[in-house]
Amino acid sequence: MAGTTRPPAGGRLLAGRVLPGRTRGAFVLRHLVRFVISLAVLLVASFAMIHLIPGDPVRASLGPAAPVELIAARRAALGLDQPLLSQLVSYVRNVLGGEFGTSFLSGEPVGEVIAARLPNTLVLALLATVVALLVAVPLGMWAGVRTENGRNRGTEATFTSATGAAVAVPEFLYSIALVTVFAIGLGWFPPAGRGGPESYVLPILALAIAPAAMIARISRVETLRELGTDYVRLARAKRLPAARLYVRHVLPNTLTATLTVGGLLLTSLIAGSVLVEYVFAWPGLGLRIVESITQKDYPVAQGVILVYGAIVLAVNLLVDLLLGVLDPTSALKES
Amino acid sequence: MRHLLRTPAGLAGTTLVGLMVILAIAGPPIWGAEAERIDPAVILQGASAAHPLGTDNLGRDILARVLVAGRLSLVLALLATLIGAIGGIVLGALPSVLPRRAARLVTGTVNALVAFPGLLLAMFTAVVAGLGARGAVLGIGVAIAPGFARLTQTLAASVSGADYVSAARMLGVPRRRIMARHVLPNIAEPLILNLTQALGGALLGLAGMSFLGLGVQPPSFDWGRLLFDGFGRIYSTPAVALGPAVAVALAGIGFNLLGDVLARAASRTAVPAGKAVPRAVSAPGALGEPDPEAVLEVRDLTVTFPGGVTPVRGLSLTVAPGEIVGLVGESGSGKSLTASAIGGLVPYPGEVSAARLRLCGTDLGELPEQERRKLLGTSLAMVFQDPMASLNPALRVGGQLAEVATVHQGASRAEARARAVDRLRHVRIPEPDRRARQHPHELSGGMRQRAVIAMGLMGTPRLIIADEPTTALDVTVQRQILRLLREVTGESGAATLFISHDIAVVGELCHRVVVMYAGRVVEELPVEKLASGAAHPYTRALVASLPDMDTDRSLPLASISGHQPSPAELGPGCAFAARCELATGRCAERPPLIPYGKAHQVACWEAS
């Protein structure tokens, strides 16, 4: 945490007050505690997943023709013959030690699968978030400035319907459309797989379009609100050049809300990447989880879902903390 | 429901959803047989005249299958939405009924789940419930529920503050009953309207699950499953993926657009849009020669808004150097808009017209854009009412001052900064160097208003427009700001246009007073005449309503009965007539502003 005199960047929300250090400490602590509790719940839920499957997961996985000895051996290897509570204890102990079990199908340790695949997924999601923000924030500001006080109704109608439609199309349709047009039709980009930089273009676009439309909408609303403030009126009275007015006076105050949503979109991007990876045969976690679910490879499904969940919780924690720094009222409101 | 069709988005959404519903009802009976007809002769074909979207691995027509699959896609989405909505509403209503600790647990769980991506929840459920339509529907339902729970909670919280709920609570009605009888019925409408959006989300989610092979399994098929089948063939025959992809996209867009409109309708009432009426251009009267000495000369200034609303009508005003002119009037008299019009800051869709608008001896209308910006940026200083809101919270005070010099006067950053500190010192801000480096929220209200005035002094101000600059401040701070304004005007030779509703402050500070009523100047007089020599009944009433030390405190405070007509309801006559004790039949005609003694003008039939 910075010193207590650090001003809020989106300070419109808290004029003249700075969060006292103690409140801020309590704020951070409360969010950390909440994060740990959520992680624990997630851990239990992923443990329970296998036990909630009706019938015997091992038999379901190996098929009805599997020999009884194999099933018994597999059950013993998974510890399924132990009492439930001791299974949970050893599961938690293993996960904390980085042991996620072994794949039913390939026999690989799930931990290694995750370690090999996770970076590919994260890179995709992060790059898509960055691209979405870089495109959407200026676009939203431009639309906000153009449609201030209800002028240019045509632009407003076009902008809202276009972004509304763009938000409504799921990422797997963008993926298919992009592959069909730019990879198969025009041959500009590889249709699948991870290779050089050009192989990143289509998956990132497919992931970024819908979130970008969403962020552009928020950015426009925030810009409209800012344009109505007295200080922007005064800045206009000073006859500042447009670029300076919008970049220095308007933009910083719109970022709090925009970045909050951007952070939350990152979590939905991680889930959306499952579908995009599937279309582009991208060697990430998403491709693997789909395979594991269809082939009933439960240890892999369990481990990957756990990792996805933990990432979502971590991103949410970061967004909450960042927001507490940028906008101290959110911290005050909670307490 | 008619407003749905008014916007293009609403119209498109309604049309698309309507088509989807028709397709779901009529699709299977019409194309069902075609969709199932196996034809070994045409296996895995691309687009052809007989099969516009090609055939699948059993030779079945894909177009027919897409048209038939609409029903299953929609029905499954509907099921998932119902599961999610019912589960969510129960979950959202629970905290109002449960004991406090349990309620907090439920709220916390809902908050955690809302942040969880739906697809993740759906996949978790699908693993447990098994592959297939049942698992996917359950999974998507589970994914939808947290959103509905959150919505129910928010809506219930907004209703539970209502008087009728408080009354029921005071009467000892049990909480469960309050929820069922008072809260839920009142939030039912927004919940139902939000179903449309949820339905769109469910449809896309299910399509995604089926596309991954985790949803509908053969021999059943929905759009997602058709896409799954077609996806493997897009390298050879892209057309086979086109049909289901377009169907899913259109359905998603349709439900989302319609849902957007419905959700917005649920959250607010429609704002009627004003209709633009062509404005009658007033014929310019005899203007006379421009006054070369005047800092500001305005003739026949009119501000019009669409719908024929004219808050400022034919206002004329001349301000000489070194002069402090008070512009007085009630809220809504048009005084602030006058200030905005002079500064060129009237917000769209307002329209400003004037027979003459000269600042510092130059006609603003004739000046090229670049020079006008420079003139207005350096010669005109504006001070607004709320100093808390006039400085940008994200930027340092010094930087906000300095940019005037860098932008308009070509100063270097260091020069501009030094000047900013100097100006802050000039308006007697202690420790100007440190203050310049601070953000506005670290300054007190009075200090901020000083900083705004200092900002105006960055250029070479000829005219300072102060729009109620002391209204938001403490009385003692008010005095200081007024003194500062007087000093600044005196030493720089600039003129000040001081806008206020407070006739006492105006009487103290200004040299000359201009009284506005309903968009027009009704009287203009030297300040010495204000107390006893005012000629217009409105000015006199304003002065009389001021309590002073001699006011008999046993009597009620004098006030003006009635209210100022709004710009939309103004008739042709004197706007004050309805509230005037002296009004006669002649007041049905509007009195012109005519000279009345030295440096005194009035618009009243009774005064002359």
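Colleague: How far apart do the end C-alpha atoms of residues 165–188 of chain A lie?

Modeller: This is a predicted model, in which local features need pLDDT of at least 70, side-chain atom pairs count only at pLDDT 80 or more, and totals for chains, interfaces and linings use all residues. Residues are numbered from 1 along each chain as its sequence is written, and chains are lettered from A and ligands numbered from 1 in the order in which they are written. Residues 165–188 of chain A are 79% helix and 0% strand, helices being DSSP runs of H or I with at least four residues and strands runs of E with at least two, numbered from the N terminus. The end C-alpha atoms of that span are separated by 26 Å.

Colleague: How many helices and strands does chain A have?

Modeller: Along the sequence, chain A reads α-α-α-α-α-α-α-α-α-α-α-α-α. The count for chain A is 13 helices and 0 strands.

Colleague: What percentage of the residues of chain A count as buried?

Modeller: A residue is buried if 20 or more other C-beta atoms lie within 10 Å of its own, exposed if 12 or fewer, and partly exposed in between, with C-beta atoms placed from the backbone. Chain A has 335 residues. The buried share is 43%.

Colleague: Which helix gives the most to the side of chain A that touches chain B?

Modeller: The contact takes 63 residues from chain A and 58 residues from chain B, two residues being in contact if their C-beta atoms, placed from the backbone, lie within 7 Å. Helices that each supply at least two residues of the chain A side include α1 (21–52) and α12 (298–326). With 12 residues, the one that gives the most is α10(A).
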